[in-house]
Amino acid sequence: MTEKRKGLSASFKSLDTEEWLDIHFNRPIGYVWALFFQRLGIHPNVVTVFSIILGVAAGIMFYFPDRMHTLVGILLLIWANHYDSCDGQLARMTGKKTRWGRMLDGFAGDLWFVTIYVAICLRLMNEPLPFGIGATQGWTWSWGIWVMALIAGTFCHSKQTTLSDYYRNIHLFFLKGEEESELDNFSQQRQLFHSLPWKQNFWWKIFLYFYGNYTRSQERMTPAFQRFYTMVRNKYGNTIPQELKDDFRQGSLPLMKYANILTFNTRAIVLYVSLLVGEPWFYFLFEIVIMTILFLYMRYKHEQHCIGMYNKYA
């Protein structure tokens with residue numbers, strides 16, 4: 001049992017950046033799957049593809065309004081999330097961590113939620129508005145639900161998960177160093193993109209292009225951190241003082257709970273509840289209002305922390 005617990009703990013990125021539900025539920029189940037796939041010699045990227053199939057299937061189930069399809073969709077999405085945990089754990093266990101795998105992992109979550117959003121919109125288009133609004137006129141959601149979904153997905157969900165992922169990798173960089181984090185930057189990705197010929201690298205270059213745009217969006221949302229990080233790199237290179245690392249971790253650690261809330265588990269629970277009560281539009285409203293407030297607060301506090309660190313060490 002001790003050896004199993006040790007193996008499970010070793011498969012975590014860091015307890016600093018792990019959520020309670022992941023530590024006690026998703027990661028242990030993902031670890032069992034990782035051991036299973038390790039014995040079969042299956043590559044982590046194949047597990048990621050399995051998670052895409054399961055997540056997309058879950059989204060399709062959410063199109064149907066009956067309880068049975070909803071429950072099947074929920075179970076499929078939970079299963080997909082376990083595989084999402086599994087692929088990273090398997091990569092760390094086997095040493096098969098690749099940038100391709102990291103990008104594919106992020107792409108998987110996007111495909112899940114694109115399918116879920118489209119399914120909910122198609123389901124609600126001809127449904128009456130909630131609370132009897134416009135009932136006498138026969139009003140339905142029509143194209144309004146698509147507008148709501150576009151705002152929730154593009155301007156809220158996408159930015160929330162992008163910044164949360166960045167903050168967790170920043171935290172891991174100062175906690176465990178460059179090798180244990182995935183703190184990439186736009187100029188690095190564009191340099192790699194332009195260094196490769198299109199011949200025999202077509203799909204890899206497509207991935208690099210969009211991943212470069214992803215890192216650029218992270219950098220644009222964090223000007224104070226970019227100034228601080230540039231100063232640290234210029235002043236200390238690869239030998240960052242432990243005092244600075246500890247200082248940064250102390251201010252960053254309280255914000256990890258918001259980064260975790262803004263990733264998967266909290267929004268998945270709200271999605272499940274809204275589907276089970278037959279009001280899936282509420283999930284979009286939750287994204288737009290509640291999650292945006294948490295996003296803005298997390299970003300403000302992190303930027304203030306970086307300003308303080310810059311002033312102290314510059």
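Which kind of interaction do the side chains of Asp16 and Arg249 make where they meet? In this predicted model, the two side chains form a salt bridge, with a distance from N to O of 2.6 Å. Asp16 belongs to the loop between helix H1 (2-10) and helix H2 (20-40), whereas Arg249 belongs to helix H10, so the pair ties together parts that are 233 residues apart in sequence. The two partners fall into separate classes of accessibility, since Asp16 has a relative accessible area of 15% and is buried, while Arg249, with 31%, is partly exposed.

This pair can be set beside others of its kind, for a search of the whole structure finds four salt bridges. One of them joins Glu18 to Arg27, whose closest N and O atoms are 2.9 Å apart. Here Glu18 is buried at 7% relative accessibility, and Arg27 is buried as well, with a relative accessible area of 13%. Another salt bridge is formed by Asp247 and Lys312, with their closest N and O atoms 2.6 Å apart. That pair links distant parts of the chain, as Asp247 sits in helix H10 and Lys312 in helix H13, 65 residues apart. Asp247 counts as buried at 17% relative accessibility, but Lys312 is exposed, with a relative accessible area of 53%.

The loop between H1 and H2 also holds Thr17, which is buried, with a relative accessible area of 5%. What does Thr17 contact once its neighbours within four places in sequence are left aside? The residues in contact with Thr17 are then Arg168, His171, Leu172, Met256 and Asn260.

Helix H9 covers residues 223-236, and because its 14 residues should span 20 Å at 1.5 Å a residue, the 20 Å between its end C-alpha atoms agrees with expectation. Within H9, the buried residues are Ala224, Phe225, Gln226, Phe228, Tyr229, Met231, Val232 and Tyr236. An α-helix has 3.6 residues a turn, so residues three or four places apart point the same way. The cover over the buried residues of H9 includes helix H6 (144-176), helix H8 (202-220), helix H10 (242-252) and helix H13 (281-313). H9 is followed by Gly237, which has a positive phi, near 60 degrees.

Phe225 and Phe228 are among the residues that touch the most other members of the largest nonpolar core, a set of 76 residues, and Leu77, Ile145, Leu244 and Phe284 are listed with them. In soluble globular proteins, nonpolar side chains tend to be buried together. For Ile145, the residues touched, not counting those up to four places away in sequence, are Cys121, Leu124, Met125, Trp281 and Phe284.

Helix H12 (residues 265-276) gives the largest share of the patch, three residues. Leu276, for its part, is placed in helix H12 and counts as partly exposed at 30% relative accessibility.

Conventions:
Residues are numbered from 1 along each chain as its sequence is written. This is a predicted model: local features need pLDDT of at least 70, side-chain atom pairs count only at pLDDT 80 or more; totals for chains, interfaces and linings use all residues. Side-chain values use heavy atoms; hydrogens and water are left out. Helices (H or I, at least four residues) and strands (E, at least two) are DSSP runs, numbered from the N terminus. The expected span of a helix is 1.5 Å times one less than its number of residues. Buried means under 20% relative accessible area, exposed over 50%, partly exposed in between (1.4 Å probe, protein chains only). Contact means heavy atoms within 4.5 Å. A nonpolar core is a set of buried Ala, Val, Leu, Ile, Met, Phe, Trp, Tyr and Cys residues joined through side-chain atoms within 4.5 Å.
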